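Time to open the notebook and jot down what I looked up today. I kept the entries brief, topic by topic.

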Amino acid sequence: MTHTPPFRLPAGGRRIDRAWQVPFRFDGRHLRGLTGDTIASALLANGQMLMGRSFKYHRPRGPMASGSEEPNALLGLGQGGRFEPNQRATTTPLTHGMITRSQNCWPSLEADIGAINNWLSPVFPAGFYYKTFIHPRPFWKHVFEPIIRRSAGLGRAPTDPDPDRYEQAYAFADTVVVGGGIAGLTAAREAADAGGTVLVLEQDGHWGGRTPTDHDGGQAAIDAALADLRGRKGVTLRRNTMATGLYDHGYLIARESLADHDPNQGIPRQRLWRIRAGRVIAATGALERPLSFACNDVPGVMLASAVRDFIADFGVAPGRRIVVVTNNDDAYRTALTAHAAGLEVPAIIDARPLADGALPQAARDAGITVLTGTAIAKVKGAKHVEGVVLCSHQGDGRPTQTIDCDVVAMSGGWSPVVHLYSHCGGKLIWDEGQSMFRPDPDRPPLGADGQGNVTVAGAANGDLRCAGDLEHPEAPTMPVWVMPARAPYTLRAKMWLDFQNDVKVTDVELAAQEGYASVEHTKRYTTLGMATDQGKLSNINGLAVLSNALNQPIQATGTTTFRPPYTPLTLATIAAEAKDDAFQPLRKTPIHAWHETHGASWEPVGHWRRPYAYPRAGEDRHTAVHREILAVRAGVGTLDASTLGKIIVKGPDAGRFLDMLYTNMMSTLPVGKCRYGLMCNENGFLMDDGVVARLSDDTWLCHTTTGGADRIHGHMEDWLQCEWWDWKVYTANLTEQFAQIAVAGPKARDVLERLSGTIDLSAEALPFMQWAEGELAGIPARVFRISFSGELSYEIAVPANRGLELWEALHLAGADLGITPYGTEAMHVMRAEKGFIMIGDETDGTIIPQDLGLDWAISKKKADYIGKRAQRRSHMTDGTRWKLVGLESLSDKVIPDGAYAVAEGVNGNGQRKTQGRVTSSYHSPTLGKPIAMGLVRHGPSRMGQVLDFPMPDGTVMQARIVDPVFYDKEGSRQNG
Amino acid sequence: MAEALATITRVAGLGMITLRADLDRAGDALAEAAGLAIPDTTGATTDGSRTLAWMSPDELLLILPQAELAQALDDLTQALMGEHGLVADVSDARAVFDVIGAGAADVVAKLAPVDAAAMPQGHLRRTRMAQTAAAIWRVDGGFRVIGFRSTADYLALILTNAAIPGSGLAPR
Amino acid sequence: MLILTCPYCGVNAEETELHPGGEAHLARIGPNGTDDEFEAYLFARKNAKGVHFERWRHAYGCGKWFLAARCTATLQVFGTYRAQTPHPPADIVEAIRKARPDWTPDWTPAEGTAE
């Protein structure tokens, strides 16, 4: 029979407003719906039953459900950056001007080339890919993978950035009730009576769940419950909020829709709630199960409850002639609703031998034919239901009669929504009497106190008739896993279990036959329940079929693991505020703005941004770095060193503590002096370095690397709190309190002496590795004579608020001397010229100080320091470790950083053996040649030998082993 | 368009001093020097001008007008004389924001894993706001937030974004 | 998301405010330790299924390291306590025994004190 208009019924539709038309587009066609419609109801109202194609066989599909369990009616919504694939038409409210399109079809939904897979379906059984794409092996990468990748995935990912705003929010409640149906509202009232705060979350935009649709007086009952709750302090009711997952210790994640597909409001589109729930009451209802009969996926075959919803809630007739097929009483409501709406119901097909409860009786009274003990042998029609062929349910499918219809409303019973209960380890039991898995109250998920923290209410708990006084008795559901009961293979091969992934009864049976006894393995082998709907409709039917094939009870088969999220989460809600400029906290020094206005090219160092160099007009970064180095070596330059860690360590035991922390002796450092120190972890490996200054008798200032400040402060606190807690030491991380500026170069002293001040900066008063404090340019300052460049150098620390002032004063004072700001790359090159190591370049977490020739900085006198024992391990002392040397390229080309020096022979994998690698490599403008440092086996005793460094292009670069100090070996410049 | 949930204002001119000491031994002397009672665990005491906040079992933070900083540093150092302790000026290491307005608690609740609406007066909560450390307490009409100087721009940005008009947390 | 109460400041902090520090109550092996002792100290961890003691730092809060006794299988938290103790204190031992009667400490609690 044909599908005929009108599709919008003349009356009814409790959720729509007939006064307001809503224009929208579907696959380019201009259509109209009504305010209150979902996309699915609006499409049905326009006679559009075909809404998508299945994933594997490209079978034509219409909506099956009316809620979030929908497997078929998945659409692409919006366009550009707002395009979203795989959105459920059944839950997405229709909005003005919405652009929707069907998926997984080409060139069109009606004429889809991919449907050829459907004809080929007999050769694509479960496990087809696993069995087929194995040999020959080289084919995998070049043939199979490209083909599979092209056909993999449902829907198309958007290519533009999402322009919308998303956010997160934290909430706290003693009780969180998930589900705003009659059970949830009742539970919320009880929880509120018991005291404490109550938060009620409802996934839809309207309250009540199924009660207003299914029961006379249902809406009134819901309204009364809402009115009561709204009058209570401490109760919060939140709609459009989907609880997607329950995590450890009662942490509940929920997504609230604020401005979905209404981007012009300017408010966040969605909000991810991070809720700390004292306890959770899951009142999440139940989902109707499909029945497995042949061709149960033809558009027009829908869940009975969905047919009822479309008629009662949206005033939409999915068809004019509706056959109901069921194994329970509830589906009779659909027949009665359809009949009352003026639609034809030629028959109710009931698999049960008897149907004489109140609802079947009401159907008979309405003149509807009830055929008991009957089944659907097969649905007629391809792109739309045309009729059903009936048979005896207990038989093998021999046809008894045919009924024309355009919709089949099916009900295989109901399954409680147990996801939230299961996410954190709550267990289920098989309820034989009701043919359903329901939460086992004796094995709930546990909270931090070891007690159950989730209870379940209403249909989610298996109490399908939870509407209290509104309910009437109903006869039990008869389990029907395959219809008819003794259906032959040809029929079973057309019975769909998973509609989105095209898994059929015979696929699951094949898995069982091939030895997949575990439900988890069967799931992965067949892809049952692995689609975007996560098997909300298919899982129970699938594992019943599996149990049958394995000849074991359903409880023995069990379920697959229920994992969050219950429905897909927009990734943007997880990122929330962390996008664009707020992606990460960007740390800025007090002089950041000056760098910016002076053309700094940035280098990220941790979360800091440091100037890499300051390219001038016409310069690239490389040229700028060379100019900056030469300016420092010949004159004077300034470096913003504010990012260096500055940690105060104070107390009677501070010296003793620092002796444990550093490899060398810090307790003997005289007040007023500085000492370079190395810090190792208990593994003996170098973790940080820096200059330590003794400020007073009981106070030291420890400089750390830029990236190390927080880590080293944490390291200090760890040892002080957890190991040496009786030592009297306090630390304070003052990194951000000070701006620190390095003034380096032969003219550094000249510049500083031009500033007014109280500090004697002469070589005699302030020699290398000492510090002094006083005023400089009217600013309180601490001046350290330390040098990372190898030049005469002062590092000046001033309060952060005055850092920019000092920087500008220096540049004013040194303008005629050509004072030049230099960046981190110039600093790196200059330290390499001097053979100074850099944490992170010469070290990688596996390097001990001895590898770097730093034995001079390791105290021999100390009984202990962190890392001392580890450095005595056999592999640390066996003499074969790679050690630091300088490397001089034999050509004028810079050897790439990280290049390996090869040795004779090959290893077990046929690769050349190695004997060293480059750790730092630069072109030195000072020396006019490439310089490098590296770690080489027996390196220091092999001076003058030449090493081979094979390059990726097949050429070999060569370098001679030399002393790592390339420049000013005597140190006369820095000491000057 | 509606108004922002709260106004976000950077507060300048505050001095801040970190104090570390055994509060059982040195508490009285510090209280006298600070001019405020030693706060309870996670508490803060204030006279409207100065605030003394509990940061850790052996750490306090004194917040005061910048003009009083130098004298207070001297007084507190004196108070700890002969005692194992640490006094450090951290005024320049911090960035302070006031979040004032009817929706101030909503702004905090979007960024910090704390029950902002239920936060009592006189309680200082050290936590994080999005990806940066912060200390938060109630002031008239909203909250005061202390973060780090280097991430001041980030803190200002996320606070402003969280306060955009029409984005209040009340159920709709 | 683990939620633990910091024993120093009483804040009931979620995991994002904390920094994990691995197994608790390791006794440091210094320069005089044998190879075997040192290897065990650096690398050998109990990796218990069940009762477990571990280190957490209230990193976004008071900055103190504390110790937590919890069950790695159920995530039940028996208690949190200060880090300055070589063994879990008596009240923690009691709380664990109440919830896990079969569990016995693998150290010898001194008379009248858990240390």
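**Cis peptide bonds.** I looked up Pro484(A) and found it in the loop between strand E26 (454-456) and helix H12 (489-492) of chain A. Helices here are DSSP runs of H or I with at least four residues, strands are runs of E with at least two, and both are numbered from the N terminus. The bond joining Met483(A) to Pro484(A) is cis, with omega about -5 degrees. I noted a cis bond from Pro564(A) to Pro565(A) as well, with omega near 0 degrees. Pro565(A) sits in the loop between helix H16 (554-557) and helix H17 (571-575) of chain A. I logged these because most peptide bonds are trans, and most residues other than glycine have a negative phi.

**Ground rules.** This is a predicted model, in which local features need pLDDT of at least 70 and side-chain atom pairs count only at pLDDT 80 or more, while totals for chains, interfaces and linings use all residues. Residues are numbered from 1 along each chain as its sequence is written, chains are lettered from A and ligands numbered from 1 in the order in which they are written, and side-chain values use heavy atoms, with hydrogens and water left out.

**Positive phi.** Ala576(A) is not a glycine, yet its phi is positive, about 50 degrees. I placed Ala576(A) in the loop between H17 and helix H18 (592-597) of chain A. Its relative accessibility is 2%, so Ala576(A) counts as buried; the cut-offs are under 20% relative accessible area for buried, over 50% for exposed and partly exposed in between, with a 1.4 Å probe and protein chains only. Asp968(A), also not a glycine, has a positive phi of about 50 degrees. Asp968(A) belongs to the loop between strand E47 (956-962) and helix H26 (972-975) of chain A, and at 13% relative accessibility it counts as buried.

**Helix H5.** I checked the length of H5(A): its 13 residues reach 19 Å from first C-alpha to last, close to the 18 Å expected at 1.5 Å a residue. The expected span is 1.5 Å times one less than the number of residues. Which residues of H5(A) are buried? I listed Ile182(A), Ala183(A), Gly184(A), Leu185(A), Ala187(A), Ala188(A), Ala191(A) and Ala192(A). Their cover includes strand E8 (166-178), strand E9 (198-201), H6, H7, E10 and strand E13 (270-282) of chain A. Gly195(A) follows H5(A) and has a positive phi, near 100 degrees.

**Helix H7.** The 13 residues of H7 (218-230) of chain A should span 18 Å at 1.5 Å a residue, and the end C-alpha atoms are 18 Å apart, which agrees. Gly218(A), Ile222(A), Ala225(A), Leu226(A) and Leu229(A) are buried in H7(A). They cover an arc of only 100 degrees around the axis, which puts them on the same side of H7(A); the arc is taken from the directions from the helix axis to the C-beta atoms. An α-helix has 3.6 residues a turn, so residues three or four places apart point the same way. The buried residues of H7(A) pack against helix H5 (182-194), helix H6 (211-214) and strand E10 (235-238) of chain A.

**Salt bridges.** I counted a salt bridge when a side-chain nitrogen of Lys or Arg is within 4 Å of a carboxyl oxygen of Asp or Glu. The count over all chains is 65. I looked at Asp329(A) with Arg352(A), where the closest N and O atoms are 2.6 Å apart. Asp329(A) lies in the loop between strand E16 (322-326) and helix H9 (332-340), and Arg352(A) in the loop between strand E17 (348-350) and helix H10 (358-365) of chain A, so the pair ties together parts 23 residues apart in sequence. Are Asp329(A) and Arg352(A) buried or exposed? Both are buried.

I also looked at Arg831(A) and Glu842(A), whose side chains meet in a salt bridge at 3.0 Å, N to O. Arg831(A) is in helix H24 (824-833) of chain A and Glu842(A) in the loop between H24 and helix H25 (874-877), eleven residues apart. Arg831(A) counts as buried at 0% relative accessibility, and Glu842(A) counts as buried at 0% too.

Terms used:
Contact = heavy atoms within 4.5 Å.
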